[in-house]
Amino acid sequence: MSRQQVDSRHRELGLSDEEAVGMYKMMRSARMFDERVLLLQRAGKINFHVSGIGQEAAQVAAAWALDRDEDYFLPYYRDYGFVLSVGMTLRELMLSVFAKAEDPTSGGRQMPGHFGHKKLRIVTGSSPVTTQVPHAVGIALAAKMKGQKLVSFVTFGEGSSNQGDFHEGCNFAGVHKLPVILMCENNQYAISVPVHKQLGGRVADRALGYGFEGLRVDGNDALAIYAAVKEARERALAGGGPTLIEAMMYRLSPHSTSDNDLAYRTKEEVEENRGRDGVAAFKRYLEEAGIWSAEQEDELAAAIRKEMDEATRYADEAPFPTPESTLWHVYEGDAPQGGR
């Protein structure tokens, strides 16, 4: 591919050089956050982590195609790249993994990765997988009834597409042609179960049974994901109803810090897929386009590391929730002045 061909691809999608570089910076932030938290867990500083290494490119690209001032977001528990892209900070994510009182997700009372941020319209998820899908459909229904020009965007794994909540949500969204985008991050494993033992076909094809668009996209190709989500949003706002996007990718890390992934896959398989990593691929793209350099890479890594160090120190020293706060926010106005 020539320099001219490479250089024009993001611009043809309406992205400036600065926006394309911004996408990469967010991917690197998510990757470095994930790697730092894995180290913190191994050092005994935190209890548990669910990693999303290998899935950042699609998460960030999807967020870039949405309206971060209007749309509603219902991410699943690996979406560090997504929530950082729509406005969460490394400090906020660290407060969550350290389970501290200032954690904007739940005040330190949820499991890490169960994102929530009222100001950013990130709707808090729960531990039972796939419950976020009908919630996203309900938000889309409310938006349609109120005549609001927004979409709800929900993510989940391919294992979640076998759950009843997914199918009920899709059916309702299809019947009422709701402005919702459903993105399956197909990372090839539902914990330890490989995709060929989960599905008899393709996740994207399931949309056909509910009367709306379904498509499979290379999740390691950030610009392909950006284009798909952008088109889906335009379709939804024009009254065309939902879209199901199956983003094909690979989870490079274990399912969680309590998982031994080598019990169900080989090192060779992981390394083969590491060569297809979307973050590394997008970095090469920017370099070939002449808008990224080794010097910029070093500066970025140093800047993220500095912010990460500050966020880690702050979260480590921040106070835990108090017993008195257990029932805060159960009812409106029940927290004392100055509470979360």
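Select helix 3 and then its surroundings: the buried residues of helix 3 pack against helix 2 (17-42), helix 4 (80-85), strand 2 (152-157), strand 3 (180-186), helix 8 (222-237) and helix 10 (278-288), where contact means heavy atoms within 4.5 Å, and where helices (H or I, at least four residues) and strands (E, at least two) are DSSP runs numbered from the N terminus. This is a predicted model, in which local features need pLDDT of at least 70 and side-chain atom pairs count only at pLDDT 80 or more, while totals for chains, interfaces and linings use all residues. Residues are numbered from 1 along each chain as its sequence is written, and side-chain values use heavy atoms, with hydrogens and water left out.

Nine of the nine residues of helix 3 (residues 56-64) are buried, so this helix is largely enclosed by the rest of the structure; buried means under 20% relative accessible area, exposed over 50%, and partly exposed in between (1.4 Å probe, protein chains only).

Next, select Asp67 and Arg233, whose side chains meet in a salt bridge (3.9 Å, N to O), that is, a side-chain nitrogen of Lys or Arg within 4 Å of a carboxyl oxygen of Asp or Glu. This pair links distant parts of the chain, with Asp67 in the loop between helix 3 and strand 1 (72-74) and Arg233 in helix 8, 166 residues apart. Asp67 is partly exposed at 25% relative accessible area, whereas Arg233 is buried at 14%.

Move on to Arg216 and Glu246, which form a salt bridge of 3.2 Å, N to O. Finally, select Arg91, Glu310, Arg313 and Glu317, which are linked in a network of salt bridges.
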